[in-house]
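Colleague: I am new to this structure and would like to learn how to read it. Please take me through some of its features.

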Amino acid sequence: MNDFITDLFNIDRKKIKKMNVVTSKDKTEFHIVLNHDGDLFCPFCYGVVHANGYSKPKIINHPKLTDRKAVIIFYNHRYQCNECLRTFSGKNPFTFSNFRNSYLSFENIMKQLSNLNYSYKMVAELNHISPTQVQRYFDSFVNIPRITLPESIGIDEIHSKMAKRKDSAYLCVMVDNKKRSLFEILPSRSKAELKRYFEKIPQIERNNVKYVTIDMWFPYKEVANKYFPNCIVAVDPFHVVEHLMTSFRRIRLNIMYQVEYGSDSYYLLKTWKDLIEKNVFLDNEPVYNNRFKMKLNKRQLLDLILEISETLALGYHLKEMYLTFNKNATEENCEEWFNSILEAFKKSGISEFHDFIQTLENWKPEILNSFKRPFDEHKLSNALCENINGQIRTYLSVSKGVSNFIRFRKRCIFALNPKVFYSITNQLKSNKVQGKRRGKYNKNK
Ligand SMILES: [Zn+2]
């Protein structure tokens, strides 16, 4: 029993003098009277006091039960001073005076808010309070200072309506590649915004940045080279491969639209595209193919595809060459290997590869830098932190129409940086942007 009570209210069972539980269909009320505190003195003159009845019962939302609303009806003692005759209430162990929700509800709310799968609306429903109230607690309990720049920074972006439209449609997301945590989100990935942010950071701190991994957004490179004099900039290999695959897909589609609709070639290019575009196991047991009226395995089908067009076959082999290079090159041999591949791409004369060749030429040093392995086994990339972007995207989709960037930034960093904590306070404020009221709130705590 003791453990149950302690767990239910987070107070010592011995403090409770009387408790009545009143249960109705969808609500449970815990009517509670506490024992007198030991040595009580007047808060005004330190005189001796005597009990003087009860305060008006206070209803405190206490979302401890999962299937129904639970409230504490707290009958606090009143005391009167024998000396100065003033009256005052006893201590309230359940919540701050003037608050309608218990300390435990704050713990619940903050725990749920540290998970980006929960929207404010969902947290509100789980705790039987309004979404505005949840947001107000969050705004008040979490403060995020600027976090010190890590040694290895990963910069990426997320498409969002919250981005400063005139600069860019993307927010800029910055992660600590080593600790795999989020440390900053900026309202735009524009050069102006990046400069504004990094310029404010002391030079001595910026000098400590050793590695920056980016996708191929030119301002990232410019800004990294300008503000981090000691850093190596590496392009995330995944983004280079993505670019390659987009170009290769275009070769396939251009050929598919040239061949006769419904022909064998059309069928192969449409139905079996994964064989040339994805990493598929080719040496399976042959399976009967209705179109060709014979048993074929995937390698045989691949050969049929590559027979359709010389350009497609050449494009395929170049693509495979780059993927092998990307997978197996080392810091020592990557430059020579890279140069020979670049030559081969240029010689092919395949127009769909023009942009990709341009990319290889423009980003050569940064691509080669990605083969350095300063941290254990991993190449320099944004891969370690791709799950962070994934979680932010999940949050954007569960909380449709999120529009308050200040609150969004706080919420993401709170959830995705284990060094950021909350502290419960009775000074409530709001990060609400629209409307006039901004600052401290007194009502409806
Ligand atoms: Zn007194």
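Colleague: Which residue is the bridge partner of E29 in β5?

Modeller: The partner of E29 in β5 is V71. This is a predicted model, in which local features need pLDDT of at least 70, side-chain atom pairs count only at pLDDT 80 or more, and totals for chains, interfaces and linings use all residues. Residues are numbered from 1 along each chain as its sequence is written, and side-chain values use heavy atoms, leaving out hydrogens and water.

Colleague: How many bridges join β2 to β5?

Modeller: Strands (E, at least two residues) and helices (H or I, at least four) are DSSP runs, numbered from the N terminus. Two strands pair if DSSP finds at least two bridges between them. Here β2 and β5 (residues 69–74) run parallel and are joined by six bridges. β2 also pairs with β1 (residues 16–23), in the antiparallel sense, over seven bridges. V22 stands opposite E29 of β2.

Colleague: Is β2 enclosed or open, and why?

Modeller: Buried means under 20% relative accessible area, exposed over 50%, and partly exposed in between (1.4 Å probe, protein chains only). Strand β2 (residues 27–34) is largely enclosed by the rest of the structure because seven of its eight residues are buried.

Colleague: Is E277 buried or exposed?

Modeller: E277 is buried, at a relative accessible area of 14%. E277 belongs to helix α10 (residues 274–277).

Colleague: Which residues does E277 contact, leaving aside neighbours within four places in sequence?

Modeller: Contact means heavy atoms within 4.5 Å. By that rule E277 touches M245, F248, R249, R252 and K319.
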